[in-house]
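The following note sets out a few points for the colleague who will review this model.

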Amino acid sequence: MTSPNFSLPAPERVKSRRLFELLFATGHGIKQFPFRLVWLNGPYHEKHPVTVAVSAPKRNMKKAHNRNRMKRLMREAYRLNKTAIVALAHQRKQGYILLFIAQVSTPMSFAETQEKIILLLQRLITLHALPAE
(Lines give C-alpha, C1' and ligand atoms only; values in the text may rest on other atoms or scores of the structure.)
Protein backbone atom coordinates (compact mmCIF):
# COMPACT_ATOMS: atom_id res chain seq x y z
CA MET A 1 0.00 0.00 0.00
CA THR A 2 1.30 3.45 -0.85
CA SER A 3 1.54 6.22 1.68
CA PRO A 4 -1.09 8.97 1.50
CA ASN A 5 -0.25 11.90 -0.73
CA PHE A 6 -0.62 15.14 1.25
CA SER A 7 0.26 17.48 -1.60
CA LEU A 8 -2.11 19.72 -3.53
CA PRO A 9 -0.56 20.14 -6.99
CA ALA A 10 -1.91 22.43 -9.71
CA PRO A 11 -3.87 19.69 -11.57
CA GLU A 12 -5.95 19.17 -8.39
CA ARG A 13 -7.06 22.81 -8.30
CA VAL A 14 -10.05 24.28 -10.11
CA LYS A 15 -8.99 27.32 -12.13
CA SER A 16 -11.39 27.34 -15.05
CA ARG A 17 -14.01 30.08 -15.14
CA ARG A 18 -16.31 27.66 -16.97
CA LEU A 19 -16.02 25.13 -14.13
CA PHE A 20 -16.76 27.81 -11.52
CA GLU A 21 -19.85 28.88 -13.47
CA LEU A 22 -20.92 25.25 -13.77
CA LEU A 23 -20.45 24.71 -10.02
CA PHE A 24 -22.59 27.71 -9.14
CA ALA A 25 -25.25 26.91 -11.76
CA THR A 26 -25.73 23.17 -11.26
CA GLY A 27 -23.66 22.18 -8.20
CA HIS A 28 -25.06 20.50 -5.12
CA GLY A 29 -24.43 22.08 -1.74
CA ILE A 30 -23.86 21.12 1.88
CA LYS A 31 -23.62 23.64 4.70
CA GLN A 32 -21.62 23.26 7.89
CA PHE A 33 -21.47 26.68 9.49
CA PRO A 34 -19.40 28.69 8.65
CA PHE A 35 -18.52 26.81 5.46
CA ARG A 36 -20.42 25.70 2.40
CA LEU A 37 -19.32 22.88 0.13
CA VAL A 38 -20.53 22.93 -3.47
CA TRP A 39 -19.70 19.85 -5.54
CA LEU A 40 -20.28 18.30 -8.91
CA ASN A 41 -19.55 14.91 -10.38
CA GLY A 42 -16.78 15.42 -12.86
CA PRO A 43 -14.55 13.45 -15.18
CA TYR A 44 -12.54 10.68 -13.57
CA HIS A 45 -8.77 10.90 -13.92
CA GLU A 46 -6.69 8.12 -12.39
CA LYS A 47 -4.01 10.48 -11.10
CA HIS A 48 -6.23 13.37 -9.87
CA PRO A 49 -9.87 12.26 -9.43
CA VAL A 50 -10.82 15.15 -7.13
CA THR A 51 -10.28 18.81 -7.97
CA VAL A 52 -10.84 21.56 -5.42
CA ALA A 53 -11.19 25.32 -5.10
CA VAL A 54 -11.60 27.60 -2.10
CA SER A 55 -13.35 30.94 -1.82
CA ALA A 56 -13.66 33.67 0.76
CA PRO A 57 -16.08 36.27 -0.64
CA LYS A 58 -15.19 39.94 -0.43
CA ARG A 59 -18.78 40.63 0.65
CA ASN A 60 -18.10 38.88 3.96
CA MET A 61 -14.38 39.53 4.48
CA LYS A 62 -13.45 43.05 3.50
CA LYS A 63 -9.70 42.86 4.06
CA ALA A 64 -7.59 40.97 1.53
CA HIS A 65 -5.18 39.62 4.13
CA ASN A 66 -8.10 38.05 6.02
CA ARG A 67 -9.47 36.45 2.84
CA ASN A 68 -6.03 35.12 1.91
CA ARG A 69 -5.50 33.68 5.38
CA MET A 70 -8.90 31.98 5.39
CA LYS A 71 -8.29 30.47 1.95
CA ARG A 72 -4.85 29.25 3.03
CA LEU A 73 -6.35 27.59 6.12
CA MET A 74 -9.09 25.92 4.07
CA ARG A 75 -6.61 24.59 1.50
CA GLU A 76 -4.36 23.25 4.25
CA ALA A 77 -7.27 21.55 6.06
CA TYR A 78 -8.43 19.93 2.82
CA ARG A 79 -4.89 18.90 1.83
CA LEU A 80 -4.36 17.07 5.13
CA ASN A 81 -7.75 15.32 5.05
CA LYS A 82 -8.40 14.55 1.39
CA THR A 83 -7.45 10.86 1.47
CA ALA A 84 -10.98 9.60 2.22
CA ILE A 85 -12.67 11.47 -0.64
CA VAL A 86 -9.88 10.50 -3.04
CA ALA A 87 -10.27 6.86 -2.01
CA LEU A 88 -14.03 7.06 -2.61
CA ALA A 89 -13.43 8.58 -6.05
CA HIS A 90 -11.04 5.75 -6.96
CA GLN A 91 -13.41 3.12 -5.59
CA ARG A 92 -16.38 4.44 -7.59
CA LYS A 93 -14.31 5.49 -10.63
CA GLN A 94 -16.01 8.88 -10.33
CA GLY A 95 -14.40 12.32 -10.40
CA TYR A 96 -15.47 15.14 -8.09
CA ILE A 97 -15.16 18.90 -8.37
CA LEU A 98 -15.31 20.61 -4.96
CA LEU A 99 -15.64 24.25 -3.94
CA PHE A 100 -15.31 25.31 -0.30
CA ILE A 101 -16.79 28.73 0.51
CA ALA A 102 -16.08 30.54 3.79
CA GLN A 103 -19.04 32.48 5.17
CA VAL A 104 -17.40 34.32 8.07
CA SER A 105 -16.23 37.90 8.50
CA THR A 106 -12.89 37.11 10.19
CA PRO A 107 -10.51 34.15 9.79
CA MET A 108 -11.05 31.24 12.14
CA SER A 109 -8.35 29.22 13.88
CA PHE A 110 -6.83 26.31 11.98
CA ALA A 111 -8.28 23.78 14.44
CA GLU A 112 -11.84 25.05 13.90
CA THR A 113 -11.35 25.24 10.14
CA GLN A 114 -10.00 21.70 9.97
CA GLU A 115 -12.82 20.34 12.12
CA LYS A 116 -15.50 21.86 9.85
CA ILE A 117 -13.77 20.81 6.61
CA ILE A 118 -13.53 17.23 7.94
CA LEU A 119 -17.25 17.27 8.79
CA LEU A 120 -18.12 18.51 5.29
CA LEU A 121 -15.96 15.83 3.65
CA GLN A 122 -17.50 13.12 5.86
CA ARG A 123 -21.01 14.25 4.95
CA LEU A 124 -20.12 14.22 1.25
CA ILE A 125 -18.65 10.73 1.59
CA THR A 126 -21.75 9.40 3.36
CA LEU A 127 -23.95 10.87 0.61
CA HIS A 128 -21.91 9.10 -2.07
CA ALA A 129 -20.97 5.94 -0.21
CA LEU A 130 -24.43 4.49 -0.74
CA PRO A 131 -24.34 1.52 -3.12
CA ALA A 132 -24.36 2.57 -6.76
CA GLU A 133 -27.34 1.26 -8.71
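**Strand 4 and its neighbours**

1. Tyr96 of strand 4 is the bridge partner of Val50. This pairing comes from a predicted model. Strand 3, residues 50-55, is joined to strand 4 by six bridges, and the two run parallel.

2. Strand 4 also pairs with strand 2, which spans residues 35-42; eight bridges join them, in antiparallel orientation. Here Tyr96 stands opposite Asn41.

3. How many of the residues of strand 4 are buried? Eight of its eight residues are, so the strand is mostly covered under the criterion of less than 20% relative accessible area. The burial extends to both faces: Gly95, Ile97, Leu99 and Ile101 lie on one side, with Tyr96, Leu98, Phe100 and Ala102 on the other.

4. A search of the whole structure returns one aromatic pair. Its members are Tyr78 and Phe100, in a tilted arrangement with 5.9 Å centre to centre and 50 degrees between the planes. Because Tyr78 belongs to helix 2 (residues 64-81) and Phe100 to strand 4 (residues 95-102), the pair ties together parts that are 22 residues apart in sequence.

5. Are the two partners of this pair buried or exposed? Tyr78 has 1% relative accessibility and therefore counts as buried. Phe100, at 0%, likewise counts as buried.

Methods
Residues are numbered from 1 along each chain as its sequence is written. This is a predicted model: local features need pLDDT of at least 70, side-chain atom pairs count only at pLDDT 80 or more; totals for chains, interfaces and linings use all residues. Side-chain values use heavy atoms; hydrogens and water are left out. Rings of Phe, Tyr and Trp (its six-membered ring) pair if their centres lie within 6.5 Å; planes under 30 degrees apart count as stacked, over 60 as edge-to-face and the rest as tilted. Helices (H or I, at least four residues) and strands (E, at least two) are DSSP runs, numbered from the N terminus. Buried means under 20% relative accessible area, exposed over 50%, partly exposed in between (1.4 Å probe, protein chains only). Two strands pair if DSSP finds at least two bridges between them.
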